[in-house]
Each structure stands twice: as structure tokens, then as C-alpha cells.
Amino acid sequence: MVGDRSAVNTGKMEEAKASCLNILTYHRELLVSRLRSLQCILDNLLACGFVCEEDVEIVQRSATKTDQVRKILELVQCKGEEACEYLIYIIYKVCDAYIDLQPWLREIDYTPSSDVTAMTVVNTDPISRYCEKLRHEMSRDTCFIMSYGQREETRLEDLYTDTQMELLNDCNESLGFLERLDQLLGDHAVFNPQGETIYVMGDAGVGKSILLQKLQNLWSKKDLQTDAIFFFKFRCRMFSIFKDTDQISLRDLLFKYNCYPDHDPDNEVFDYMLRFPEKVLFTFDGYDEIQMNDLMNAPEVVSPEVKAHPVQLLISLLCGKLLKGSQKVLTARTGTEIQSRVIRKKLTLGGFSPAHLKTYIDLHFKEQEHRDLVSVQLDASPHLCGLCSTPLFCWIVLKSFRHLHTMHDSFYLPETCITLTDIFLLLSEVFLSRSGSPAPSLLKKSTRCVSETFKAGLRPLAAFAKLALQGMERGSFIYSQEEITECGLAEEDLTLGFLRPISEYDASGSPATFEVFHVILQSFLAAFALVLDEQAAAGSILKFFAECSRKREPSCLPFDLCICGSSKSNKKTPFETNEHLQFTNLFLCGLLSKAHAGLMEHLVCPVLLKKKQALLKSYLSTSVKSHLTGLPHYNSGEGRKVHVLPNFLWMLRCIFETGSKDIAQMTAKGITADFIKLGHCNVFSGDCTALNFVLQHRRRLLGLDMDNNNISDYGVKQLRPSFCKMTVVRLCVNHLSDSSIEVLAEELCKHKVVEVLGLYNNYITDVGAKLVAQIIEECPKLRVVKIGKNQITSVGGRHLASAIQSSTSIFDVGMWGNSIGDGGAEAFAEALRHHPRLTNLSLSANGITSKGGRCLAEALKENSVLRIFWLVQNELTDDAAPLLAELVQANTGLSHLWLINNQFTVDGIKNLAAGLTNNTALKEICVKGNQLSEEEEKLFVEEKRLRFH
């Protein structure tokens with residue numbers, strides 16, 4: 001019996017094996033129409049001896065591709081079943097090349113036999129070869145961090161550290177953080193499925209470019225979660241090198257500025273991209289650096305075969321007119337506007353967290369002694385820590401420390417309040433100290449003399465500065481060899497580190513162009529040029545202040561063209577933001593400050609230096625007065641408010657760089673408002689020192705709203721001296737931890753003037769909640785506390801409730817979005833029972849069930865003060881309805897009761913409706929989103945105070 005079954009199975013296998021010839025015959029028409037990459041098939045058939053050279057020549061002489069396919073099918077069918085199955089096996093193995101035929105393989109339920117799997121298939125398909133070439137070149141180009149000094153190279157994996165990558169929705173509200181970069185292209189946090197672009201934004205120096213480099217490196221190693229097999233990287237500033245008359249095809253743009261496919265006479269690679277654009281991934285770095293001009297009025301490019309200006313091709317790619325369905329990652333500086341309709345998802349880079357900073361220090365220094373030394377110095381300076389949360393500044397500080405500590409035993413990081421000018425002077429000192437330096441061991445015990453280093457390097461420094469200023473004036477970051485020579489730079493100067501060669505912009509691959517290694521360094525050098533220039537009028541130092549003071553209309557170019565159909569203006573707009581000019585002004589203030597006068601007197605005529613210092617101080621004094629007078633003021637319940645304009649923050653930064661106490665005092669005196677709104681102003685931790693530098697001179701009390709920024713714990717520590725004057729402290733959505741609350745508790749409880757405390761949407765735990773409770777208990781003027789959307793459980797809820805119970809001043813408490821549960825609800829019930837002052841309370845989204853709801857309702861029957869009570873998004877059921885109905889019937893004075901998105905049924909709502917018959921105070925009970933059908937909602941149509949919509 002067993003032998004019979006074996007014979008039957010063998011017969012079926014033979015039948016299945018014999019069917020390969022029939023399969024090719026039966027599906028001949030489909031194969032003729034869909035089979036491509038014929039060279040790979042011919043190569044493998046030839047290698048395995050199924051065809052000879054003469055057969056290959058016969059196939060290749062066929063006039064068309066379809067004729068070639070027919071000839072191949074005829075040849076393999078003549079050679080027998082083994083040849084037929086081997087042909088199908090080639091299609092099975094080289095799936096990328098024959099992606100059109102993968103559904104066909106599933107349809108015929110193809111499984112390779114043991115005989116054919118023993119045969120070798122070599123992938124000679126142009127598409128697969130090009131994919132491998134792209135990965136190889138991408139790996140080669142990204143495995144090292146771009147060398148700033150051209151004398152050293154650091155492996156990316158040895159120094160790369162993640163930053164805070166916060167996901168945002170289309171309204172710029174936080175959706176949490178991206179845990180790992182390899183998940184960037186996933187579907188999590190997508191708010192516009194029709195969009196194709198992932199938009200990464202962040203301030204200059206925050207790590208956008210290095211993030212893309214890491215992304216590219218992950219793809220090259222197949223560690224990126226994506227199906228893309230083609231990856232093209234572009235830096236947007238490259239598009240400024242093209243002339244207005246230049247025309248190029250999409251194919252050439254992709255291949256010429258990345259790499260060309262080899263052995264692709266039939267253009268199969270590009271054709272494949274056109275058919276499967278979802279397999280293509282792009283990164284575009286520095287969108288804000290694109291220069292806008294009259295090309296924006298040119299028609300859209302919708303055909304991949306048409307030649308057009310590269311900027312038009314870029315726009316058409318981003319807008320989906322070309323290669324629609326391809327994936328794009330676009331970076332730009334914060335403040336660059338892009339139409340939401342083209343954005344798939346969005347994230348903002350927030351720099352290093354304390355944990356990231358520690359990791360970065362550990363990677364930077366291999367010796368534990370150096371790690372400890374740097375960490376101690378950073379911990380002693382919250383301002384320096386704040387600056388080091390920006391990766392670029394951190395790199396400069398750590399690089400300078402390592403280099404100068406190696407050369408000089410006495411070098412330590414500055415103990416005084418370090419400025420950005422100090423940081424870039426440190427970097428320049430490192431670069432200039434390389435010129436003609438003896439071996440470090442010979443300098444180990446030498447005395448560091450900054451002025452001597454700058455005097456010795458003045459010639460190349462002045463030349464680099466002149467070059468940077470020329471680029472700034474014409475709105476360019478790229479320099480030709482001719483421009484470099486004209487500024488007096490020699491070949492040996494290029495190795496110092498200020499410039500680096502960029503070959504990707506030159507199709508020949510020769511390094512014919514250069515760039516300053518970072519745009520902020522270009523701004524610093526341009527400011528240096530303004531100070532060093534003894535030929536131009538002294539007043540020329542103010543040229544960029546005038547440029548930055550001009551009001552600009554908000555624009556989304558070039559997306560206005562590709563989405564709305566027209567551009568807004570024919571005027572040439574160098575960049576989307578003028579931040580590079582603002583940085584130049586900032587560095588000018590620093591270089592002309594009293595703190596750096598000793599150094600600059602060695603480099604500039606002292607008389608001219610003093611003249612420029614006087615001019616700058618006079619200009620700043622006048623412009624500060626004008627700016628403060630022009631700010632929009634309005635009156636509110638919290639006094640006279642002023643909502644500052646974006647330039648206000650840059651003005652504060654410039655004042656801090658000057659270190660001028662006179663200007664700071666004048667600015668503080670000029671702030672006549674009682675309340676300053678700095679919300680959504682892109683304030684980061686380092687700015688808090690500049691803000692404190694001015695506010696510490698204010699004599700009157702002040703309210704400060706800094707909601708929706710990125711000041712972090714470092715920023716709160718820097719604001720410590722100013723909390724004594726603050727009646728309103730709003731720090732919502734600022735990445736604060738319990739460490740910040742510790743500082744606030746210490747300062748606010750000491751001075752007892754705070755009236756409003758806003759801490760919504762931070763990272764406060766029960767530890768921080770206990771400290772906030774202390775503030776509530778010890779600050780007799782505190783009226784409003786907003787601490788929702790933190791990480792507070794029933795433990796913290798009890799601390800807060802107990803403090804609120806003892807407070808006679810507090811009237812508004814927001815707890816939305818914590819996790820206090822029924823335990824916290826019971827504590828709040830006791831706090832509410834006889835509270836004399838509390839009128840507004842939100843316990844929404846806190847995991848409160850009917851048990852907690854009943855406690856709250858019971859307690860509120862004895863409260864005649866509360867007017868607004870929110871219990872939205874909890875877990876209340878009909879079990880809580882009878883006591884809530886009794887509360888309603890008690891007519892305590894409650895005017896707004898929100899029970900949206902709970903679990904009440906029609907029976908529970910009937911209880912509430914019955915209670916309303918004897919209530920005259922309630923204006924509404926909002927019950928939208930409960931468990932009622934539309935028909936059931938109609939039963940309550942007569943009771944207008946029950947709101948279902």
C-alpha cells in the first residue's frame with residue numbers, strides 16, 4: 001500500500017515537472033507583453049549551457065523586445081523541461097527585475113523543484129546592479145562624518161547620537177516622539193495619507209543634515225524600514241549653481257548628481273522608476289536655502305522626458321507632478337512655511353536631551369578623566385548646557401576642549417557666561433592653531449595666548465571672512481576656486497577647516513567648488529569681515545540690521561506655484577528666512593562687545609574699533625526703543641499685555657552678546673507692559689539667559705507666557721534670577737521634567753508673588769506634582785494652575801487635591817490628560833466639598849470610573865462655588881448617573897457640566913434630564929459621544945440644555 005502511494009506521488013511530481021513547458025505555452029502572450037530585463041535571462045541561460053553564443057546573437061538581432069521574448073521562449077521550449085523551469089526560476093530568483101511577473105508566479109503556484117534550486121542564478125539585471133551600486137556608493141559617502149578640518153575623519157557610527165525627534169500633526173501639536181530613526185518612513189503619525197513628503201524642521205545647527213546622513217547610511221545597510229530600492233540625495237543649495245538658462249532632464253538630474261547605472265543600454269533603470277515610483281526615495285536637505293527667482297513663473301513639468309530648469313524639476317518632484325508616489329524627506333529651518341497638502345507627516349528636531357548629551361560626551365571622549373572633567377564643567381553652567389543641547393554648538397565646544405586641552409594643560413571651558421561668539425571664536429582658534437603648529441607634545445606645557453593665535457592667522461582669517469561676506473551679500477553658500485583665489489586664499493589655507501570641497505555639484509566629480517562647513521560659521525566670518533574692514537565706511541557694519549528689519553510677506557514658495565498655480569511675486573527672494581543675516585548681526589554684537597575688545601584691538605585699528613562700537617551701541621539703543629514702542633499692546637484681566645514680534649527674540653540675543661548692562665537696563669525699562677507673550681516664538685534653552693539678562697533689570701512685577709517653545713530644564717535654571725518678579729509663569733509644552741519644578745518650587749515659594757502657573761503638556765511625574773502642591777500651599781496669591789497632560793497618577797493627584805483644599809486663593813485648576821483615576825478623584829472630591837473659591841475644574845481624560853464619579857457628585861452637592869466642571873473622556877457609566885442627577889437637582893450653582901465621551905446610555909441620560917427639571921442654574925450638560933443612537937438622542941430634543949452635538 002505504501003509503495004502504491006509513493007508511486008502515485010512520484011507520478012504527480014513528474015506531471016508537475018513536465019508542466020513547465022505547458023505553462024510557458026499557455027501563458028506565452030502574458031510573458032511576451034511583460035517580460036523585461038532580457039539580458040539577465042540570456043546571461044544565465046548561457047552560463048548554465050541551455051543556449052550558446054550563437055543563440056544569444058540570434059535573440060539580440062530580433063528587431064523588437066517582444067520579438068526577443070518570443071525567440072527566447074522558442075529556444076528554451078526546444079531545449080526541454082529543465083530549460084523551461086530554469087527560465088521560470090530566474091524570474092523567481094531575480095524578483096526586483098521581474099516585479100511585473102511576481103503575481104503571475106503566485107497565480108501558477110510556482111515552487112522551485114530541488115533540481116532547479118541546485119542551479120546558480122546570477123543577477124546581471126541592470127536594475128538590481130544599479131540598486132547595489134547605489135547602496136555601495138551611499139555607504140561609502142555616509143560612513144564618515146563630513147570632515148570639517150580635512151585632516152581627520154570620524155566614523156558616523158562612532159559619534160552619531162539621536163536628538164529629540166518630536167512628531168507633529170498638521171496643527172503643529174505634538175504626537176509624541178520618534179523612538180528610532182529607522183522608523184521615520186513608517187505610517188505612525190501620518191496626518192495626510194495623500195502627501196508624499198516627510199518634513200523635518202529645526203533650527204540651524206540642530207542636526208538636520210546629520211540625521212539625513214544617518215538615514216542614508218541605514219538604507220545603504222538595509223537597516224531602514226522601507227521598500228525603496230533607489231535612494232537619491234540632494235542638498236538644496238546645489239540648485240543655486242545653475243544658470244537661469246540651464247535645462248536638464250529628470251533622468252540626468254537623478255543620475256548625473258548621484259551615480260549612473262552601468263550596462264543599461266535600454267534605459268531599463270529609469271523606465272522601472274517611472275513604472276514603480278513608490279520604490280524611489282529622495283532626501284532634500286536645506287529647502288530654505290533655495291533661491292527663488294523668475295523661474296517660479298515657468299510652467300510645471302509633468303513629463304519626465306521634458307528638459308527643464310533643475311529648480312522646476314525639484315518643485316515638480318516635491319509636488320508629485322513627477323514620480324508621483326515616490327517618498328521624500330525634506331529638511332528646512334524652523335519658520336520655513338510649506339503647504340500642508342504636500343506633507344505626509346512632520347517632525348521637529350529639539351536637540352540633545354540631557355541623556356543624549358551624556359551619550360554624546362561619552363562618544364566624544366574615550367578617556368573617563370576627560371568625560372568627568374567636561375561633565376563637571378557643564379553641570380556648573382546651565383547656560384553652557386543649554387547651548388550644548390544644540391548639536392553643532394556642542395560639537396564645537398567639545399572639539400575645542402579636546403584640541404586645546406591637548407595643547408595646553410591650563411585650558412578649561414570658560415567659567416563665565418559663554419556666548420555664541422565665544423563658541424565660534426573657540427572654533428576659529430582651533431582652526432588657526434593648526435597653521436604651522438609643532439607637534440602637540442612640544443606645546444603640552446605652553447601657555448595659551450588667544451591674541452597671538454589670531455594675530456598669526458589674521459591673513460587667512462581675513463580672507464575667509466571676506467569670502468563669507470561676499471557670499472552673504474549675494475545670497476550664496478557656494479564658492480568657486482576663482483573666487484577663493486581672488487580673496488587671497490592659498491591652497492594650504494583650505495586645510496585649516498573653514499571651507500570644505502563639495503564635488504557632488506560638479507558632474508565631472510572634481511572638487512571645483514567649496515562651501516563654509518556650516519551656514520552659522522559663514523555668518524560669523526561675515527561679521528568678522530565687517531569688523532576687520534578698514535576701507536568701507538564705519539556705518540556699513542549695520543547693513544544687515546536694515547535688511548532684517550524689513551517686513552516680509554509670509555510665503556510658501558515654491559509650493560504656491562505647484563499647488564495654487566501661480567507665484568506671488570516676480571521679485572528675487574534669496575532665502576525663505578533671513579536667519580543667516582540675523583546670526584551675522586548677533587556675531588557683530590559679540591565681536592564688538594567690551595568682553596572681546598582686548599582681542600579685537602590686536603586685529604583692528606583701535607580708533608576704528610571704538611568708532612564701530614559706538615555706532616553699534618547707538619543703533620541698538622535707538623532700535624530697541626523703536627521696537628518696544630511699536631509692539632502691539634492690549635488690555636486684559638491680567639493687565640497690559642504685549643505679544644512680541646519675532647525680531648524681539650533676536651534683539652534680546654544681540655543685547656546679550658554685547659554684554660552691555662546699559663542697553664539691558666534700557667530695554668527692561670522700555671518694557672512697559674505687565675505681561676509679555678513669547679508663545680510659539682521658537683525660544684530654546686540658550687535664549688533664556690538672554691531673556692534673563694534683560695529681565696533681571698526690571699523693577700516691576702511681570703507676567704511671562706512662554707508656552708509652546710523648547711526651553712527645557714536648562715532654560716528654567718537660567719531663568720531662576722527672574723522668577724522673583726513673575727506673577728504669571730506659563731511654561732506649557734516646553735519639555736520640562738521634575739527638575740524644572742524643583743527650581744520653580746524653590747523660587748516661587750521664596751518670593752510668593754506668582755498668581756498663574758501653566759505647566760500643561762510636559763513630563764511632570766508624581767514627584768513634580770508634590771512640588772507643585774507645595775507651591776499651591778505656600779503661594780497665597782496663586783489663582784490658576786494648569787498641569788494637564790503630564791504623567792501624574794493618583795499619588796500626585798492626592799498631593800495636589802490636598803494642597804487645593806487648603807488654598808483660599810485658587811479658583812481655576814486644569815488636570816486634563818493625567819492618570820489620577822478613582823483614587824485621585826476621591827481626593828479631589830474632599831477638596832471640593834466645602835471649597836470657598838474654586839470655580840473652574842477639569843478632571844477630563846483621567847481614567848475616572850463611576851466609582852470616582854459618584855464620590856465627586858456626592859461632594860459637589862455641598863459645594864455652592866464651582867461653576868464649570870469637566871469630566872470629558874473618562875469611564876463614567878449609568879452607575880454614576882443617579883448621583884449626578886441628584887447633583888443637578890440640588891441646583892448648587894453649577895453652570896457647565898461636560899460629560900463628553902463617557903459610557904452613558906439612554907437610561908443614564910434620562911436620569912440627568914429628570915434632574916434638570918428642578919435646576920435653574922445649569923446652562924448646559926454636554927453629553928456628546930456617549931452610547932446613544934440618533935433615535936435615542938431625539939427623545940431629549942425638548943431639553944435644550946442637554947447638548948449632543
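Trainee: Which residues have the most contacts inside the largest nonpolar core?

Mentor: Those are Phe 230, Phe 232, Phe 424 and Phe 528, in a core of 268 residues. Keep in mind that this is a predicted model.

Trainee: Which helix gives the largest share of this core?

Mentor: Helix H24, residues 519-532, with 12 residues in the core.

Trainee: And what does Phe 424 touch, leaving out residues up to four places away in sequence?

Mentor: Phe 424 touches Leu 392, Phe 393, Ile 396, Ile 520, Leu 521, Phe 524 and Phe 587.

Trainee: How many residues are in the other core, the one lying apart?

Mentor: That core has 39 residues, including Cys 20, Ile 72, Val 94 and Val 121.

Trainee: Let me step back. How many helices and strands does the protein chain have?

Mentor: There are 41 helices and 25 strands. The chain has 949 residues, and buried ones make up 57% of them.

Trainee: What about contacts between residues at least 6 apart in sequence: what share join residues at least 24 apart?

Mentor: In this chain, 80% of those contacts do.

Trainee: On to rings. How many aromatic pairs does the structure hold?

Mentor: It holds 37 aromatic pairs. One of them is Phe 177 with Tyr 763, a tilted pair at 6.2 Å centre to centre, with 55° between the planes.

Trainee: Where do those two sit in the chain?

Mentor: They come from distant parts, 586 residues apart. Phe 177 is in strand S4 (residues 174-177), while Tyr 763 is in the loop between strand S18 (756-758) and helix H35 (766-778). Phe 177 is partly exposed, at 29% relative accessibility, and Tyr 763 is partly exposed too, with a relative accessible area of 28%.

Trainee: What kind of aromatic pair do Phe 242 and Tyr 257 form?

Mentor: That pair is edge-to-face, at 5.8 Å centre to centre and 85° between the planes. Phe 242 lies in the loop between strand S6 (230-235) and helix H12 (250-256), and Tyr 257 lies in the loop between H12 and helix H13 (268-275), so the pair ties together parts 15 residues apart in sequence.

Trainee: Are Phe 242 and Tyr 257 buried or exposed?

Mentor: Both are buried.

Trainee: Which residue lies over the face of Trp 219?

Mentor: Arg 135 does, at 4.1 Å from the ring centre. There is also Lys 641, which lies over the face of Phe 675 at 4.4 Å from the ring centre.

Trainee: New topic: helix packing. At what angle do H36 and H37 pack?

Mentor: Helix H36 (residues 794-806) and helix H37 (residues 821-832) pack at about 5°, and their axes are 8 Å apart. That angle makes H36 roughly parallel to H37.

Trainee: Which residues meet there?

Mentor: From H36 there are Ser 794, Gly 797, Arg 798, Leu 800, Ala 801, Ile 804 and Gln 805. They meet Gly 823, Gly 824, Ala 827, Phe 828, Glu 830 and Ala 831 in H37.

Trainee: One last thing: what is phi of Asn 172 near?

Mentor: Phi of Asn 172 is near 65°, a positive value in a residue other than glycine. Asn 172 sits in the loop between strand S3 (165-168) and S4, and is partly exposed, with a relative accessible area of 44%.

Trainee: What about phi of Asn 891?

Mentor: That phi is near 55°, again a positive value in a residue other than glycine. Asn 891 is in the loop between helix H39 (881-890) and strand S23 (896-898), and it is partly exposed at 29% relative accessible area.

Methods: Residues numbered from 1 in each chain as written. Predicted model: local features only at pLDDT ≥ 70, side-chain atom pairs only at ≥ 80, totals over all residues. Heavy atoms only, no water. Phe/Tyr/Trp six-rings, centres within 6.5 Å; stacked < 30°, edge-to-face > 60°. Helix = DSSP H or I, 4+ residues; strand = E, 2+ residues; numbered from the N terminus. Buried < 20%, exposed > 50% of the residue type's maximum accessible area, 1.4 Å probe, protein only. Lys NZ or Arg CZ within 6 Å of the ring centre and 35° of its normal. Core = buried A, V, L, I, M, F, W, Y, C linked by side-chain atoms within 4.5 Å. Contact = heavy atoms within 4.5 Å. Axes fitted to C-alpha atoms, helices over the stretch in contact; angles between N-to-C directions. Parallel < 35°, antiparallel > 145°, perpendicular 65-115°, else oblique.
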